[in-house]
Amino acid sequence: MPLPLIPVAIVLVGAAGAAVKKACNASDMMDEAKKIADDAEHRVKSLDKVINDQKAIVEQNLTSLGQLKLNILSGNIHSFVDEFSKMKNVNFSKLQ
């Protein structure tokens with residue numbers, strides 16, 4: 001009777017070996033996936049820092065531009081508008 005159990009035992013050992021191999025492959029794939037995820041997270045954090053630095057530069061430039069515009073409008077343009085508003089009923093086409 002033990003003779004018929006030998007092929008069953010061989011099949012069971014083979015199945016167990018295949019299961020162990022699949023588990024090892026799954027573990028390797030999981031390790032690789034974790035490395036890829038960690039790398040992606042590192043890249044995202046690095047790019048977030050670059051983006052935040054660039055945002056700060058843009059905000060500074062917009063503030064400077066706004067200040068320059070305010071200076072122009074309150075200074076040169078204001079004088080021009082005052083002088084131009086003094087001219088009434090002037091026909092510029094006849095001044096040539």
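Reader: Which element gives the largest share of the nonpolar patch?

Author: In this predicted model, helix 1 provides the largest share, 6 residues. The patch lies on the surface and includes V58, L62, L65, F80 and M87, among others. Its members together have about 1000 Å² of accessible area. Two elements each give two or more residues to it: helix 1 (2-74) and helix 2 (76-86).

Reader: Is L65 buried or exposed?

Author: A residue is called exposed when its relative accessible area is over 50%. L65, found in helix 1, has a value of 53% and is therefore exposed.

Reader: What share of the chain is buried?

Author: The term buried applies under 20% relative accessible area. Buried residues account for 0% of the 96 residues in the chain. The chain has 2 helices and 0 strands. Its accessible surface comes to about 9000 Å², with 67% belonging to carbon and sulfur atoms.

Reader: How many salt bridges are found in the whole structure?

Author: A salt bridge requires a side-chain nitrogen of Lys or Arg within 4 Å of a carboxyl oxygen of Asp or Glu. The search finds 3. R43 meets D39 at 3.3 Å, K45 meets E41 at 3.4 Å, and D53 meets K49 at 3.1 Å.

Reader: Where do R43 and D39 lie?

Author: Both are in helix 1, 4 residues apart, about one turn of the helix. R43 is exposed at 53% relative accessibility, whereas D39 is partly exposed at 36%.

Conventions: Residues numbered from 1 in each chain as written. Predicted model: local features only at pLDDT ≥ 70, side-chain atom pairs only at ≥ 80, totals over all residues. Heavy atoms only, no water. Patch = residues over 30% accessible without salt bridge, like charges linked within 9 Å, V, L, I, M, F, W, Y side chains within 5 Å. Areas by Shrake-Rupley, 256 points an atom, 1.4 Å probe, with all protein chains shown as cover. Buried < 20%, exposed > 50% of the residue type's maximum accessible area, 1.4 Å probe, protein only.
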